[in-house]
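Please read it alongside the sequence and structure shown here.

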Amino acid sequence: MTAAPYRTDLPGPSGDKYLGNLHAFSSDPLGFLTDCSRRYGDVVRLGENNVLLTDPGDVEKMLVDRDSLFSKASADTRRGSRRQGFPHSTMNSDGDRWKAKRHRLQPAFGRSLSTRAAEIVDTQGEKLLRSWRPGQARTLQDDIAVVTLRLVTQLMFGDEFSDRDTAEVARLVAPIMDLSTSPVLLPEWVPTPRKVRIRRSMARIDRTLRALAASPAADDPERAPVLHALVHGTPAPSPEELRDELATLIMAGFETTNDAVVWTSVLLARHPRIAERVRAEADAAFATTPAGLSRMEALPYTHAVVREALRLYPPVWLTSRDARQDLDFGGYLIPAGTTVTVSQWVAHRDPRFWEEAEAFRPERWLGGGPSSVPRGSYFPFGLGPRVCVGAAVATTETVHLVADIWRRFRLELTTPDRIHPRPALALQPVGAEVVPRPW
């Protein structure tokens with residue numbers, strides 16, 4: 001694939017003499033990537049060994065058609081410059097190891113898990129909303145976090161663990177996940193204060209997660225299908241694998257649903273007419289449809305609202321792979337070893353493929369969605385073999401919880417101009433304080 005016709009002079013920002021584009025990316029990654037895509041085209045050189053793809057066809061080639069020609073960016077492919085926080089998890093594995101782990105986990109994430117998630121989220125949403133008082137300011141992230149932490153632990157472990165236990169796991173795991181996704185790459189031996197704190201917390205994570213994995217629910221596939229699949233799957237996981245799988249599943253499940261519900265609620269608070277339509281649909285659905293997955297079928301407009309929120313604020317905003325061999329994209333040669341990146345944030349807001357790309361328009365998803373938009377223009381949970389295993393479950397949880405909140409209350413933003421996305425493991429909505437009001 002290294003034939004001469006392919007160009008090697010990739011366009012892109014030159015950046016600082018010593019740090020390249022690290023400062024620009026670190027200070028405003030969303031703005032930096034958007035500016036690069038608009039200014040330099042479909043194939044952009046971000047750094048010496050980093051390339052951004054923005055054409056939907058190239059996105060699909062990378063994640064679907066040429067998936068086997070890329071490896072998951074990891075410690076080995078980044079030349080030992082950084083160790084993943086949980087290297088033994090499915091999320092951070094590659095090749096045959098990834099296939100075996102995915103095969104072990106996949107059966108647990110079927111329709112029955114989505115049904116159970118719908119039932120649990122209805123119960124947990126009811127508990128949360130009973131504590132709300134009209135006119136009382138609420139920090140939305142904190143309130144929704146209570147529901148989603150209870151939800152993910154109950155789904156995984158078969159029991160509702162205490163808020164203290166689940167918050168402890170989240171507190172320990174979050175900085176490690178954040179470190180794994182940090183754009184700043186330091187050698188493993190550099191003893192930064194953050195790394196020292198993380199190393200000290202790992203023993204506590206081991207104790208906490210191993211205790212959860214040893215619960216009686218692990219032997220009951222009906223009660224705890226995910227935990228059962230991990231503990232009794234083939235091949236049997238090592239203690240390190242079990243710890244890493246549980247940690248990443250907890251954080252991925254928590255972050256995805258939590259941020260999706262908050263962002264959807266922020267958008268509804270900014271668009272009262274759309275919120276009123278959600279309320280009316282939810283009222284009818286909750287009055288006529290029993291709790292469970294069947295209620296999703298009675299909430300088509302709310303589902304469209306969530307899909308549009310995931311377009312504007314995708315749970316995963318950046319995906320990178322390392323090229324195993326020389327490849328070509330858009331007429332340019334991408335050398336083996338190059339880290340190739342696609343950005344959901346950039347693709348979902350590309351005005352070439354989305355009419356009124358920056359606008360919140362849920363109706364674009366009704367009737368099967370926009371047929372003219374290329375497949376590689378919308379991938380909030382990824383594309384291809386590595387698409388998020390819990391995408392259907394997370395969507396079900398989000399739709400149900402949004403419907404439950406907005407049929408009971410309309411939310412007013414206390415500081416609408418201060419709410420902004422913070423790129424971390426997911427696009428976190430910073431500053432989302434609301435006041436619930438009766439309809």
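## A loop proline and its peptide bond

P235 lies in the loop between α9 (225–232) and α10 (239–270), where helices (H or I, at least four residues) and strands (E, at least two) are DSSP runs numbered from the N terminus. The peptide bond that leads from T234 to P235 is cis, with omega near 0°. Most residues other than glycine have a negative phi, and most peptide bonds are trans.

The model is predicted, so local features need pLDDT of at least 70 and side-chain atom pairs count only at pLDDT 80 or more, while totals for chains, interfaces and linings use all residues. Residues are numbered from 1 along each chain as its sequence is written, and side-chain values use heavy atoms, with hydrogens and water left out.

## The loop between α14 and α15

E356 is found in the loop between α14 and α15, and this residue has a positive phi of about 50° although it is not a glycine. With a relative accessible area of 48%, E356 is partly exposed, on a scale where buried means under 20% relative accessible area, exposed over 50% and partly exposed in between (1.4 Å probe, protein chains only).

R352 also takes part in a contact: its side chain meets that of D42 in a salt bridge (2.9 Å, N to O), the term being used for a side-chain nitrogen of Lys or Arg within 4 Å of a carboxyl oxygen of Asp or Glu. Because D42 lies in the loop between α2 (29–40) and β1 (43–47), and R352 in the loop between α14 (344–348) and α15 (391–408), the pair ties together parts that are 310 residues apart in sequence. D42 is partly exposed at 26% relative accessibility, and R352 is partly exposed with a relative accessible area of 47%. A further pair can be described by its C-alpha atoms: those of R38 and P351 are separated by 9.8 Å, although the two residues are 313 residues apart along the chain. R38 is found in helix α2 and counts as partly exposed at 38% relative accessibility.

## Other salt bridges

The structure holds 28 salt bridges. Side chains of opposite charge can pair when their charged atoms come close. One of the salt bridges is formed by R66 and D328, with the closest N and O atoms 3.8 Å apart; this pair links distant parts of the chain, since R66 is in the loop between α3 (56–65) and β3 (70–72) and D328 is in strand β6 (residues 327–329), 262 residues apart. Both R66 and D328 are buried.

Within helix α15, R408 and D404 lie four residues apart, about one turn of the helix, and their side chains meet in a salt bridge (3.1 Å, N to O). R408 is partly exposed, with a relative accessible area of 27%, whereas D404 counts as buried at 2% relative accessibility. Salt bridges that share partners join E126, R130, D404, R407 and R408 into one network.

## Helix packing

Helix α11 (residues 272–288) and helix α13 (residues 300–312) have axes that come within 8 Å and cross at roughly 140°, the axes being lines fitted to C-alpha atoms, for helices over the stretch in contact, with angles that run from 0 to 180 degrees between N-to-C directions. That angle makes α11 oblique to α13, in a scheme where angles under 35 degrees count as roughly parallel, over 145 as roughly antiparallel, 65 to 115 as roughly perpendicular and the rest as oblique. The crossing of α11 and α13 is left-handed, a term that applies if the near helix is turned anticlockwise from the far one by less than a right angle, with right-handed used if clockwise.

Helix α13 also packs with α15, at an angle of about 115° and with the axes 9 Å apart. The helices α13 and α15 are therefore roughly perpendicular to each other, and their crossing is right-handed.

R102 is found in helix α4 (residues 95–105) and counts as buried at 14% relative accessibility. The C-alpha atoms of R102 and V389 are separated by 8.3 Å, with the two residues 287 residues apart along the chain.
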